[in-house]
Amino acid sequence: MANNKIHQGRNIKRFREMLSIKQDALAFELGDDWNQQKISLLEQKETIDNIILEQVAQILKIPVEAIENFDEEQAINIIANTVNNHDNASGNSLFSYYPTVNQIDKFIELHNEKIALYERMLKEKDEMMVRLEKLIQNK
């Protein structure tokens with residue numbers, strides 16, 4: 001049976017990579033006590049202290065809940081079950097072979113939310129790049 005435990009460190013890594021943010025840059029934003037190696041160790045932790053989660057979420061400009069709750073396997077299963085729910089169909093009813101409108105609406109809503117999140121993360125990445133370029137120019 002699959003492990004349903006959410007791995008917060010892996011989620012931080014996923015979001016950081018989606019935003020094209022290097023471990024060094026995240027460490028810099030977290031402060032003097034942080035470095036690339038410490039970020040690498042953080043991303044290996046299954047559970048992360050709430051204070052650090054809040055700081056990372058603020059830097060990545062994503063909700064803390066995204067890090068706490070994102071489960072890629074569960075998201076894939078939901079999509080697969082929505083698309084393939086005819087596998088569990090019984091009887092001869094036309095509707096038993098097709099997803100219900102509610103499932104399609106949920107799928108579309110999730111898809112639109114992912115697109116909006118991705119667009120927001122791209123915008124934040126661009127803003128962070130501008131900040132980093134200014135920092136480099138000031139040195």
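Helices (H or I, at least four residues) and strands (E, at least two) are runs in the DSSP assignment, numbered from the N terminus. By that definition the protein, seen here as a predicted model, has seven helices and zero strands, and its elements run α-α-α-α-α-α-α from the N terminus on. In this predicted model, local features need pLDDT of at least 70 and side-chain atom pairs count only at pLDDT 80 or more, whereas totals for chains, interfaces and linings use all residues. Residues are numbered from 1 along each chain as its sequence is written, and side-chain values use heavy atoms, with hydrogens and water left out.

**The protein as a whole**

- Of the 139 residues in the protein, 26% are buried, where buried means under 20% relative accessible area, exposed means over 50%, and partly exposed lies in between (1.4 Å probe, protein chains only).
- Among the contacts in the protein with a separation of 6 or more, 67% are between residues 24 or more positions apart, a contact being heavy atoms within 4.5 Å.

- Q8 belongs to helix 1, which covers residues 8-18, and Q8 counts as buried because its relative accessibility is 11%.
- A polar atom of the side chain of Q8 lies 2.7 Å from the backbone nitrogen of I48; a polar contact is a pair of N or O atoms within 3.5 Å, and within protein one must be able to donate a hydrogen and the other to accept it, while residues adjacent in sequence count only if both atoms are side-chain atoms.
- When residues up to four places away in sequence are not counted, Q8 touches K45, E46, T47, I48, L53, I67 and E68.
- I6 is located in the segment before helix 1, and I6 counts as partly exposed because its relative accessibility is 22%.
- Although I6 and D71 are 65 residues apart in sequence, their C-alpha atoms are 6.0 Å apart in space.
- Leaving aside neighbours within four places in sequence, the residues in contact with I6 are N11, E46, I67, E68, N69, F70 and D71.

**Helix 1 against helix 4**

- Helix 1 packs with helix 4, residues 50-60, at an angle of about 15°, and their axes are 11 Å apart; axes are lines fitted to C-alpha atoms, for helices over the stretch in contact, and angles run from 0 to 180 degrees between N-to-C directions.
- Helix 1 and helix 4 are therefore roughly parallel to each other, since angles under 35 degrees count as roughly parallel, over 145 as roughly antiparallel, 65 to 115 as roughly perpendicular and the rest as oblique.
- From helix 1, the residues Q8, I12, F15 and R16 meet L53, V56 and L60 of helix 4.
- By class, this contact of helix 1 with helix 4 has five nonpolar, one polar and one charged residues, where Ala, Val, Leu, Ile, Met, Phe, Trp, Tyr, Cys and Pro count as nonpolar, Asp, Glu, Lys and Arg as charged, and the others, Gly among them, as polar.

**Helix 2 against helix 4**

- The buried residues of helix 2, which covers residues 23-30, are Q23, A25, L26, A27 and L30.
- Helix 2 and helix 4 pack at an angle of about 115°, with their axes 10 Å apart, and these two helices are therefore roughly perpendicular to each other.
- On the helix 2 side the contact is made by L26, E29 and L30, and on the helix 4 side by Q55, V56, I59 and L60.
- By class, the contact of helix 2 with helix 4 has five nonpolar, one polar and one charged residues.

**Loops and positive phi values**

- Q44 has its place in the loop between helix 3 (36-42) and helix 4, and Q44 counts as exposed because its relative accessibility is 54%.
- Q44 and N11 are 33 residues apart in sequence and 9.8 Å apart in space, C-alpha to C-alpha.
- Most residues other than glycine have a negative phi.
- S20, in the loop between helix 1 and helix 2, has a positive phi of about 55° although it is not a glycine, and S20 counts as partly exposed at 48% relative accessibility.
- K61, in the loop between helix 4 and helix 5 (64-69), has a positive phi of about 55° although it is not a glycine, and K61 counts as partly exposed at 34% relative accessibility.
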